[in-house]
Each structure stands twice: as C-alpha cells, then as structure tokens.
Amino acid sequence: MALPHERRLRAAQSGDVIVALERRRQFCAAFLVLTVAMAPRPALRASGQETPSAADACQSVTGSVDQIAATLSAVPRYGSTYVLVLSAGVGADVTSLDAPVLKAGEIAVHAGAAGAAIVQAKGLKARPYPLDGENLTKPIADLLAGRANAAVLWAPVAALGIDRLDPAGTLRMVNVGGPEPPPTSFSGPSAGASDPCAVNLAGLIEGNGVVPAELLVPADIRRFIGRPPPVRDPEEARQGAALYANQCARCHGPHALAQTGALAPVDLLRSVRRFQYAGFEYIVLNGRPKNGMPPLRGTLSEPQIAAIYQYVRARSRGDLGPDQ
Ligand code: HEC
C-alpha cells in the first residue's frame with residue numbers, strides 16, 4: 001500500500017519525530033466536521049437506544065463499564081498514553097503541567113489511575129473522580145461546564161469523553177509524561193484491533209497531535225544486546241509476512257528489496273544478514289527519524305517485531321519466496 005503525503009510531527013517533549021499519515025488526518029477532520037452537526041450526547045447511555053452509523057462508531061459502545069473498557073483497551077497505540085486535557089479558557093501557550101497558571105486550580109483525575117500520580121508528582125492539586133460508569137467522562141463534562149480547567153486522563157478515556165461531549169472540539173489534548181499502565185479496570189481483554197470505535201478514538205487522539213507515550217522515551221539498546229534471534233519458525237514467519245505488509249511494505253516495498261521509487265533505499269533482505277537481532281529490533285523501535293524511518297515503538301510489540309524479523313530472515317534465506 002503506497003500512501004502519499006507523509007507528514008512529520010515534532011513530538012513536544014523529546015524532539016523525536018514520527019511520521020503521521022496525512023490521509024488519516026483528513027479522515028479525522030472529516031469525522032470531526034461530521035460530529036459538529038450532531039447534538040451533544042449523554043455520557044453513558046443504556047444500550048439499544050439508537051442505531052449506530054459508520055461515521056459514529058462509538059455510539060454503539062454502550063452498556064456496562066466492562067464493555068466500554070474492552071473497547072478502550074483496543075485503542076491502537078495509545079494504551080500507555082496519558083494526556084493533559086485543557087479547556088478553551090486556558091491559553092494556547094500552556095502545553096504542559098509546568099505552566100504556572102495550572103498551580104491555581106485543581107486538576108481533574110480518575111482516582112487510582114496513573115494520571116493522579118502524575119499530577120501529584122508535579123506538586124499540583126488533584127481533584128479525584130471515581131473510575132465508574134457515572135464518572136468516566138465527568139471530568140470532560142466539568143471542563144466543558146467551566147467547573148475545571150485541566151484534567152490528566154488516560155488518553156482513550158479522554159478521547160471517548162471528547163467524542164461524546166465535545167463535538168465542536170473546543171478542548172485540546174497534549175502529551176503528559178512517558179508510558180504508564182492503563183487504569184487497572186481497563187487493562188482487561190481487548191475487543192480486537194479493528195474495533196471501529198477504538199480506531200476512531202485513536203484518530204481523534206492523533207488528530208490532536210498526541211504521540212504514543214512510548215515515542216517520548218527512546219528504547220535503550222542495552223536492553224537488546226545479547227538477546228538471541230528468534231528460533232526459526234515458518235509459522236511465525238508467515239504471521240510476520242502480514243505484519244510486514246501492514247507496517248513496512250509501504251516504504252520498503254512488497255518484497256523487502258531496494259527498489260527504484262520506493263521510499264526506503266535499503267535492501268532489507270541484505271540488511272537482515274548484516275544486523276544482529278538486537279540491532280534490527282533497535283532500528284525498528286527507534287527508527288532513523290532523520291533519514292525517514294519512523295520509530296515504531298508503541299505501534300509494534302516486541303513479539304510482533306520478532307515475527308517480522310522471522311519473515312525477512314526467511315525471505316533472505318530463501319525459505320520463503322516473494323509471494324508466500
Ligand atoms: C515511512 C517509511 C518507512 C517505514 C514504514 C519503515 N521503514 Fe525501515 N527504513 C526507511 C528508510 C527511509 C530507511 C533508510 C534509513 C537509513 O538509511 O538510515 C529505513 C531503514 C531500515 C532499516 C535499516 C537498514 C539498513 O541496512 O541500514 C531496517 C532494518 C528497517 N528499515 C526495517 C523496517 C521494518 C522491519 C519496518 C516495518 C516494521 C520498517 N522498516 C518500516 C523507511 C521506512
């Protein structure tokens with residue numbers, strides 16, 4: 001899949017660079033424009049009240065907190081990300097918890113979630129809300145009603161609240177801190193990566209310029225050195241083929257070879273023979289942002305990178321042909 005118009009974003013805190021897809025942004029913009037036309041909706045409705053439409057995927061996510069948790073756990077790439085949500089009244093120059101103006105008031109958080117600890121660590125006053133169905137999107141409602149100026153929330157929860165209560169997009173979200181675990185009641189089994197509401201929420205978070213928290217912390221090469229390459233496994237190599245097609249082929253071409261016209265001027269079938277596994281994993285996690293290779297921390301898990309390595313290695317050895 002060749003996607004045009006790559007766009008680079010500078011992550012606020014680390015100077016790290018990710019490549020975001022312009023097309024995704026256009027989609028987000030269209031999505032937001034669509035939601036502007038709709039009336040604000042109550043935070044948690046009983047199920048079966050409305051027929052969901054494709055443009056409004058999160059409308060079908062109703063019912064118990066457990067069901068909502070399953071969807072929110074499936075939000076791609078943002079599972080370890082917390083955001084600072086700011087009301088329209090807060091100046092655009094405020095982009096972190098260090099802003100003096102935030103010292104005056106209380107910051108809305110969910111009790112027991114990592115956001116509460118982030119706020120306390122900055123010496124700021126937290127206003128805790130219980131993490132239950134009734135209070136899940138209450139911090140967002142309070143920001144909109146002027147009862148609070150700022151909140152530090154798990155990104156998927158913040159996005160759900162904004163999707164439901166702020167169709168005009170008056171609130172903004174910015175990264176806060178590095179990767180933190182999701183609230184405990186939300187780390188349960190995920191509803192699957194293609195959950196349409198989860199994908200929409202990831203688009204909404206990305207549309208605010210928030211990057212997956214893993215990208216704010218470079219992966220340390222020392223963690224990988226000496227790690228043995230994955231044991232040759234044809235089944236894993238085939239799984240890796242699908243991941244390669246999704247995550248790498250648009251730059252490295254369908255056959256992992258240097259190709260004229262392809263975005264990446266390297267032949268991965270050769271690279272994989274030159275690199276230790278540690279080096280391969282390190283490059284995939286950190287990318288080479290200056291040269292156009294994006295960091296894929298937060299996008300790919302370490303087992304997924306191992307599967308991609310298996311695939312490229314199997315291709316390189318001739319165990320798998322180009323179309324297998
Ligand atoms: C947005 C485009 C893009 C994507 C997506 C991408 N790469 Fe790259 N990659 C590049 C570019 C450009 C280079 C060359 C960078 C350089 O020479 O420093 C590169 C270099 C590499 C290298 C170093 C090769 C060498 O011999 O120095 C490896 C390994 C690599 N990519 C693996 C991957 C894998 C695996 C994936 C998918 C999980 C992937 N890349 C996804 C653009 C991309």
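Which residues in H7 meet which residues in H11? Pro234, Glu236, Ala237, Gln239, Gly240, Ala241, Leu243 and Tyr244 in H7 meet Gln304, Ala307, Ile308, Gln310, Tyr311, Val312 and Ala314 in H11. Contact here is taken as C-beta atoms, placed from the backbone, within 7 Å.

Before going on, a word on the basis. This is a predicted model, in which local features need pLDDT of at least 70, side-chain atom pairs count only at pLDDT 80 or more, and totals for chains, interfaces and linings use all residues. Residues are numbered from 1 along each chain as its sequence is written. Helices (H or I, at least four residues) and strands (E, at least two) are DSSP runs, numbered from the N terminus.

**The helix pair**

Helix H7 (residues 234-247) and helix H11 (residues 302-317) pack at about 100°, with axes 7 Å apart; axes are lines fitted to C-alpha atoms, for helices over the stretch in contact, and angles run from 0 to 180 degrees between N-to-C directions. H7 is therefore roughly perpendicular to H11 (under 35 degrees is roughly parallel, over 145 roughly antiparallel, 65 to 115 roughly perpendicular, the rest oblique). The residues of this contact divide into 10 nonpolar, 4 polar and 1 charged. Ala, Val, Leu, Ile, Met, Phe, Trp, Tyr, Cys and Pro count as nonpolar, Asp, Glu, Lys and Arg as charged, and the others, Gly among them, as polar.

**The sheet**

Now to the strands. An open sheet of 5 strands has the order E5-E4-E6-E3-E7, with mixed pairing; two strands pair if DSSP finds at least two bridges between them. Its edge strands, E5 (125-129) and E7 (172-175), each pair on one side only. On average, neighbouring strands are turned by 30° against each other, direction ignored.

Strand E3 has these two partners:

| Pair | Sense | Bridges |
|---|---|---|
| E3 (residues 82-86) and E6 (residues 150-154) | antiparallel | 5 bridges |
| E3 and E7 | antiparallel | 4 bridges |

Tyr82 has Trp154 in E6 as its bridge partner, while Leu84 stands opposite Val174 in E7. Since 5 of the 5 residues of E3 are buried, the strand is largely enclosed by the rest of the structure (buried: 20 or more other C-beta atoms within 10 Å of its own; exposed: 12 or fewer; partly exposed in between; C-beta atoms placed from the backbone). Tyr82, Leu84 and Leu86 point one way from E3, and Val83 and Val85 the other way. In a regular strand, side chains alternate between the two faces of the sheet.

Key. Contact = placed C-beta atoms within 7 Å.
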